[in-house]
Amino acid sequence: MKAISMTCSAMMLCGSAIAGIDLSIEKDVVEVGVTAAVTKNTYLYIGGDNDNWVGLGIGYHQFVNQNWKLASYYEYGLKDDWLMSEIAGIDGVKTKTHFIDLSAARFFDGYSTKIGVTTEFVRNGFTWITVDNANKYSGYVSAAKYFQHTYITSKYEFHYAEDRSDMLDFNQGQASELEFSIGTMRPVWHIYPYAKISAFAPHDTYYGMTETEYSWTVGGRMSF
């Protein structure tokens, strides 16, 4: 699953979705996506990366009043089945993902807070054996501080995975994730750049991971 970019998420905290092209680089993975506003409160997203993932999403957000905003997002994704590709040498078999994000944001003078929950269902493309089948859940809380031209955000997320594959206890566990990001509220040559660092720490083990993983992401959005 690839969620909508940090820049897009931050910009949509302030109003309706802004149409644009997103580019992000995380280590050796490059992702490109396009967001288009359908109505004042609804947007579509389509994206892909060089790791053979593609996704199509639809989002909706609504201000309850001047202080509270509710949002929802659904994304359908396809990626190469790693077992068939790496072990069996079979191309074209896809793993399907269904991702849902529900959140509520509270706005104050110069900053905001946000709480949310996510669900992701991962299903193998092969029928006679399932390896990467799992139900993933998470809950998160974040805060954003807005300055005249920039913003900074922090986010804590707790992850839980439930194995649904034929491989006993293969894709499960719990983990904590901490993120920090900084970006611009105004464009630089029509681009809103941002940078993000994160730490993903399994509790004993999570989806095969046993060690804390640190990552960085840089990217930007070109509005149109």
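Mentor: Let us begin with exposure, since a later step needs it. A residue counts as buried under 20% relative accessible area, as exposed over 50%, and as partly exposed in between. Please also keep in mind that this is a predicted model.

Trainee: How does K94 count by its relative accessibility?

Mentor: K94 has 31% relative accessibility, so it counts as partly exposed. D80 is also partly exposed, at 25%.

Trainee: What kind of contact joins D80 and K94?

Mentor: Side chains of opposite charge can pair when their charged atoms come close. D80 and K94 meet in a salt bridge, with 2.6 Å from N to O. D80 belongs to strand β5 and K94 to strand β6 (residues 94-107), so this pair ties together parts that are 14 residues apart in sequence.

Trainee: How many salt bridges does a search of the whole structure find?

Mentor: The search finds 4 salt bridges. Among them is the one between K196 and E179, whose closest N and O atoms are 3.9 Å apart. K196 lies in strand β11 (residues 191-206) and E179 in strand β10 (residues 173-184), so the bridge ties together parts that are 17 residues apart in sequence.

Trainee: Is K196 buried or exposed?

Mentor: K196 is buried, with a relative accessible area of 18%. E179 counts as buried too, at 9%.

Trainee: With which residue does K155 form a salt bridge?

Mentor: The partner of K155 is E157, and their closest N and O atoms are 3.5 Å apart. K155 is partly exposed at 22% relative accessibility, whereas E157 is buried at 8%.

Trainee: Let us turn to the rings. How many aromatic pairs does the structure hold?

Mentor: The structure holds 6 aromatic pairs. To classify one, consider the angle: planes under 30 degrees apart count as stacked. The rings of Y43 and Y73 have centres 6.1 Å apart and planes at 15 degrees, so this pair is stacked. Y43 lies in strand β3 (residues 42-49) and Y73 in strand β5 (residues 68-80), so parts that are 30 residues apart in sequence are tied together. Both Y43 and Y73 are buried.

Trainee: Which aromatic pair is tilted, with 35 degrees between the planes?

Mentor: That pair is Y206 and Y207, at 6.1 Å centre to centre. Ring pairs link these two tyrosines and F200 into a cluster. Finally, the charged end of K136 sits over the ring of Y207, 4.2 Å from its centre.

Terms used. Residues numbered from 1 in each chain as written. Predicted model: local features only at pLDDT ≥ 70, side-chain atom pairs only at ≥ 80, totals over all residues. Heavy atoms only, no water. Phe/Tyr/Trp six-rings, centres within 6.5 Å; stacked < 30°, edge-to-face > 60°. Helix = DSSP H or I, 4+ residues; strand = E, 2+ residues; numbered from the N terminus. Buried < 20%, exposed > 50% of the residue type's maximum accessible area, 1.4 Å probe, protein only. Lys NZ or Arg CZ within 6 Å of the ring centre and 35° of its normal. Salt bridge = Lys/Arg side-chain N within 4 Å of Asp/Glu carboxyl O.
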